[in-house]
Amino acid sequence: MLSFTIALIVLIVGYFTYGIFVEKVFGADPARKTPVMTMADGVDYVPLPSWKIFLIQFLNIAGLGPIFGAIMGVMFGPAAFLWIVFGTIFAGAVHDYLSGMLSLRNGGASLPELVGQQLGNGIRNTMRGFSLLLLILVGAVFVYNPADLLAMLTPDSLDKTFWIVVIFAYYMAATLLPVDKLIGRLYPLFGVALLFMAIGILCALYVHGSAMPEIWQDFHNHTANPEATPIFPMMFVSIACGAISGFHATQSPMMARCLRNERHARPIFYGAMATEGIVALIWAAAAITFTGSYTQLSETLGGGSPAVLVNNISKSWLGAAGGILAILGVIAAPITSGDTALRSARLIASDFLHIPQKSIGRRLAVSIPIFVLCAVIMMIPYDALWRYFAWCNQVLAVFTLWTLTVYLARERRLYLITLLPAMFMTAVTTTYIVFAPEGIGALLIPTFGYGVTYTIAVSAGFGLALAFYAAFERWRRGLASTAQSVISA
């Protein structure tokens, strides 16, 4: 438990040190008017208390990632704990804070519009389609597991299919209603349940934590087939929402439209991600502690979904009543990401179609195709759906990080804070899509009888990252040269 305690402290200290540093790099201005002060419309631009915005942002981004992703990701061994801690502080929270601030400075603009401003119209149009696809995937993915858990807690007559219908109907209502009518009222309750769950499991860890190995013990990959699932890049895609997730950048603009003062942005955007990292750390530790070893955890996950393990941990450690409250918190996390994913999809579509969203008729016109596509995608087998969502999620983070890097360079600010994560995540996502079983390398097997080797995949990943860096440097030098010419003139 010593290493877990150190990791927990480092995450908290990171918020109060590196978080403040990143805030200073961007240059938050408490005196600057936010979009809601000048564009309030009673639907999406609605002023909300900062504590409520924090809970909404936290629940928006939490989803299944910091719980199920952390439980499955801990099979990569102690490296998972290091990625959760340092990925959160230096990549995920920076990504979330800066994307939220950039939206705040641009009238609450959605992510594709922000990307287009910095990287050009061609990438803007690509990002519009890509972001919509990811958000619809999130809406589809985050139906199944909460439906599984609810079916476990209710009579047999209320089966998984029943709860899928109920959850999807809720998604539709949350997408269409003004943000303060449903989301603004329910999320504080969901937030209390989720925080109760995290605190309860954390306390139980210190009671049962003797079974947890220290980070420096048994430091290797514990997945069933380490050669097929190497730590790089597989772990960095498997553990996304607990370290860095592109999906978060689609959620930040929604809260940027409700924020009254820029001084609240760090607690809300950087703070929500730091909190999510803590939740991921807790569940990763709980999974290995409860089962007793990596081998037993592998056997447990092989015999059922992570939902079963979450249910067993909660009931065993917190008792029947506490277990139900904890499970409700776990159920709330994915549901409150799925509903805001579809709401964000509506906002993105309405932004690029230039359709005002004040009237319910226009909100329906934009939303109905999104609902239909989501229902169709839900028919894809869950395992395949999750893998493609995970990769798309991290690709979106790559686009966002490069966008932020260009913005900081343009503003003559310290762009290294996003450049290094951008290059690393470029290498991760490229290596993954070349090497993974569902990647492009595997497509060569039917034709040639073999795929792409790991060495080639890693070389392609870091090669593309260096190519992107070279392109960025050429652009930056050109920008500096232009600025010098203007000064000289």
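Modeller: Start in helix α3, where I53, I56, Q57, N60 and I61 meet F247, H248, Q251, S252, M254 and M255 of α11. Contact here means heavy atoms within 4.5 Å. Helices are DSSP runs of H or I with at least four residues, numbered from the N terminus. This is a predicted model, so local features need pLDDT of at least 70 and side-chain atom pairs pLDDT 80 or more, while totals for chains, interfaces and linings use all residues. Residues are numbered from 1 along each chain as its sequence is written, and side-chain values use heavy atoms, with hydrogens and water left out.

Now the geometry. The axes of α3 (residues 50-62) and α11 come within 9 Å and cross at roughly 155°. Axes are lines fitted to C-alpha atoms over the stretch in contact, and angles run from 0 to 180 degrees between N-to-C directions. α3 is therefore roughly antiparallel to α11. The classes are roughly parallel (under 35 degrees), roughly antiparallel (over 145), roughly perpendicular (65 to 115) and oblique (the rest). α3 passes α11 in a right-handed crossing. Right-handed means that the near helix is turned clockwise from the far one by less than a right angle; anticlockwise is left-handed.

Follow α11 onward. M254 of α11 meets α3, and M254 also lines the second largest cavity. Rolling a probe the size of a water molecule over the atoms shows where empty space is left. A cavity is a set of points on a 1 Å grid over the protein atoms alone where a 1.4 Å probe fits but cannot get out, and its lining residues have an atom within 4 Å of a point. There are two cavities of 30 Å³ or more. Volume is the space filled by probe spheres set on the points, which are joined across faces, edges and corners. S110, T250, P253, R257, S344, L347 and I348 are also in this lining. α11 (247-256) and α14 (306-353) each give it at least two residues. By class, the lining has four nonpolar, three polar and one charged.

α14 leads on to H354. H354 sits in the loop between α14 and α15 (360-377). Its phi is positive, about 60°, although H354 is not a glycine.

Next, take α6. Its axis and that of α7 (residues 121-153) come within 7 Å and cross at roughly 160°. α6 is therefore roughly antiparallel to α7. This crossing is right-handed. L111, P112, E113, V115, G116, Q117 and L119 of α6 touch N121, I123, R124, M127, R128 and S131 of α7. The contact has six nonpolar, four polar and three charged residues.

L119, V398, F399, W402 and F468 are the closest to its centre among 19 lining residues. A pocket is an open set with protein on both sides within 12 Å along at least five of seven lines. α6 (111-119), α16 (382-410), α17 (416-435) and α19 (454-488) each give two or more residues to the lining. α16 gives the largest share, seven residues. The lining divides into 14 nonpolar, four polar and one charged.

One last pair shows another angle. α12 (residues 265-291) and α13 (residues 294-302) pack at about 100°, with axes 8 Å apart. They are therefore roughly perpendicular to each other.

Terms used. Ala, Val, Leu, Ile, Met, Phe, Trp, Tyr, Cys and Pro count as nonpolar, Asp, Glu, Lys and Arg as charged, and the others, Gly among them, as polar.
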